[in-house]
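Here are my notes on the model you sent. Please read them with the coordinates open.

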Amino acid sequence: MSVVVVGTMAFDDIETPFGKSDKIVGGSATYVAYAASNFVTPIQQVSIVGYDFPAEEMESLKQRGVVLDGVEIVPDKKSFFWSGKYHLDMNTRDTLITDLNVLMDFNPVLPESYRESEFVMLGNLMPLLQKQVILQMKKRPKLIVLDTMNFWMESAWDDLLEVIGMVDVLLVNDSEARQLTKEFSIVKAAKKILKMGPKYLIVKKGEHGALLFHESQVFFAPALPLEEVFDPTGAGDTFAGGFIGHLAKTKDISFENMKTAIIVGSAMASFCVEKFGAQRLREITKADIDARLREFVQLVNFDIALG
């Protein structure tokens, strides 16, 4: 069961109250691929990189079952670069540098072998490019998940609304849900967003977990209370990778199974924040993931007698 993953493969330079990463590999598609490949392969990657993107990183992804036929390498330009600094609460950050570089030329073309995939993860990118990918699929995939951010709400509103209307699951954080709907209440915001087209909405709340909305149903998944949160960059993408990875592995897109997928996504995100960049995701084993999932079960498991 393959998953098409569209997004950036890039460099980040991150500063948090706990340290500085210097230039490391990042990008939405990189994080999604590292997370999802724990559950399902092949991951059919669609991205663009420059001449400076490390060959060993490509090799590391290939060894995990990530197919790079859809990754364009531009020989005379640099890869996308983002630099940011996190505040003490680790939820707010300042963007210091955004160098689009090769991203300016990105025109995703899906290889023929990708076009019948049943699961599509559209990582955070220009909405117009996300739409282009959907239109290249031979038939309607079983599940299309879309991640977006405030930047596109400010700069590509009409395109964003159009692509939101084409997908099954929308992923946003709580401030983005409010911005998208002009509603302060997340429940009211969710109702408005579900009217825009998606059947499911996931609202990420960082260290406070995630909410899943579908019709009149709501499910809440906590985040694991971690002693060390080193770097939250990529946690949302890692969450998305775990989420779609579980759904593709089980081939079950019911609300009940999405509850499990959200817990899986939260478990994967909890690894991501433990080190800079995707470093921790490269190290973890199936045993680590199973142990972390058991911690989540302990976290939310309770019996109550109503007398």
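1. Basis. This is a predicted model, in which local features need pLDDT of at least 70 and side-chain atom pairs count only at pLDDT 80 or more, while totals for chains, interfaces and linings use all residues. Residues are numbered from 1 along each chain as its sequence is written, and side-chain values use heavy atoms, with hydrogens and water left out.

2. Open sheet. An open sheet of 9 strands runs in the order β5-β4-β1-β8-β9-β10-β11-β12-β13, with mixed pairing. The edges are taken by β5 (66-74) and β13 (217-221); each has a single partner strand, so one side of each is left without a neighbour in the sheet. From one strand to the next the twist averages 15°. Strands (E, at least two residues) and helices (H or I, at least four) are DSSP runs, numbered from the N terminus, and two strands pair if DSSP finds at least two bridges between them.

3. A parallel pair within the sheet. Strands β8 (residues 119-122) and β9 (residues 143-147) are joined in the parallel sense by 4 bridges. Met121 has Val145 in β9 as its bridge partner.

4. Helix on the sheet. Helix α2 (residues 55-63) packs on the sheet and touches β4 (43-50) and β5; contact means heavy atoms within 4.5 Å. The direction of α2 makes about 160° with that of β5. Axes are lines fitted to C-alpha atoms, for helices over the stretch in contact, and angles run from 0 to 180 degrees between N-to-C directions.

5. Helix α6. Glu176, Ala177, Leu180 and Thr181 are buried in α6 (residues 174-181), where buried means under 20% relative accessible area (1.4 Å probe, protein chains only). Viewed down the axis of α6, its buried residues lie within an arc of 120°, so they line one face of the helix; the arc is that of the directions from the helix axis to the C-beta atoms. Their packing partners are α4 (150-155), α5 (157-164), β10 (169-173), α7 (186-195) and β11 (200-204). Just after α6, Lys182 has a positive phi of about 60°.

6. Strand β2 and its partners. In β2 (residues 10-16), 6 of the 7 residues are buried, so the strand is largely enclosed by the rest of the structure. Glu15 stands opposite Lys20 in β3. With β6 (residues 81-86), β2 pairs in the parallel sense over 5 bridges; there the bridge partner of Phe11 is Phe81.

Conventions. Buried < 20%, exposed > 50% of the residue type's maximum accessible area, 1.4 Å probe, protein only.
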